[in-house]
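Try each task before reading its solution.

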Amino acid sequence: MSVLLQISDTHFGTEQPQVVEALVTLAAEQRPDMVVLSGDITQRARPAQFRAAKAFVQRLGAPVLAIPGNHDIALFNLWDRLTRPYARYATAFGIELEPVYVSQDLLVVGVNTTRPWRHKNGEVSTAQIDRVAKLLSAASPAQLRVVVVHQPLAVTEARDQINLLRGHDDAVRAWAAAGADLLMGGHIHLPYMLALHGWARGLWVVQAGTAVSSRIRPGVPNSVNILRWGDTPAGQDEPAKGRQGSGRSCRIEQWDFTYGAQAFLCAGVTEVQPERPIARG
């Protein structure tokens, strides 16, 4: 069983200390194998905010795959924005803007969907779509194949249509054909799971809310996602464990911060059964 913790839109500079501590406690309890940090790590890309974010992720006790969000590029310093937009990000999280995490159970591919000339909207290029598709196509049948972007690839509310990633249809089409299982994102501070149909195979959009920031949407608490991927335990109703990963299940849990408990509590569970490809050779 592999455990992935998805954190998004921390917006350090607007973080709530009690929520930060609760999230560190959750990570210590759940012991994820890896952490996905899907952008908008800081509020205004200031050095102190990046230092605070780096100190936070170092307390989580697991490898971190991070990608930048639109807030992680300097907004008011136009010279920095246009000439070295990711310099501050790189100081804290490294120069790789599109990291890849590989284990026996997981393939997680990061995509940098920010653009310095765009204030908010993101886009994905043909070259990025092709790069990700090649990585997905080379994955093993046992690996859950996850793509991480910042802006969403599909939305559930009409008001969020404006926030859709530019190039989302082309990306979903290519990545579904290449074998993607989950498409993770953030940006709109709204957690949800959304099944996508009508493509080469079924896949799911997994959106995370804002993890620790005070910039929450009305009625939507701070939240994170925990993903568990592995063999179906004996005695459950899911298909029996078999070859080519046919008995593997994916459990996606939404954990919301509750002020009364001063802790993150599981608020919902979605079980999915990704299609597994036939092993080559």
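A crossing of two helices is right-handed if the near helix is turned clockwise from the far one by less than a right angle, and left-handed if anticlockwise. Keep in mind that this is a predicted model.

**Exercise 1.** Describe how helices α5 and α6 are arranged relative to each other.

*Solution.* Start with the axes: those of α5 (residues 126-137) and α6 (residues 168-178) come within 8 Å and cross at roughly 15°. Angles under 35 degrees count as roughly parallel, and α5 and α6 are therefore roughly parallel to each other. Next comes the hand, and the crossing of α5 and α6 is right-handed. Now look at who touches whom: α5 contributes Q128, I129, V132, A133, L136 and S137, while D170, A171, A174, W175 and A178 come from α6.

**Exercise 2.** Find where H11 and H189 sit in the chain, then decide whether each is buried or exposed.

*Solution.* Begin with the background: most residues other than glycine have a negative phi. H11 has a positive phi, near 45°, and lies in the loop between β1 (2-7) and α1 (17-30). For H189, phi is also positive, near 60°, and the loop in question runs between β7 (182-185) and β8 (192-196). Finally, apply the cut-off for burial, under 20% relative accessible area. H11 counts as buried because its relative accessibility is 0%. H189, with a relative accessible area of 7%, is buried.

Key: Residues are numbered from 1 along each chain as its sequence is written. This is a predicted model: local features need pLDDT of at least 70, side-chain atom pairs count only at pLDDT 80 or more; totals for chains, interfaces and linings use all residues. Side-chain values use heavy atoms; hydrogens and water are left out. Helices (H or I, at least four residues) and strands (E, at least two) are DSSP runs, numbered from the N terminus. Buried means under 20% relative accessible area, exposed over 50%, partly exposed in between (1.4 Å probe, protein chains only). Axes are lines fitted to C-alpha atoms, for helices over the stretch in contact, and angles run from 0 to 180 degrees between N-to-C directions. Angles under 35 degrees count as roughly parallel, over 145 as roughly antiparallel, 65 to 115 as roughly perpendicular and the rest as oblique. Contact means heavy atoms within 4.5 Å.
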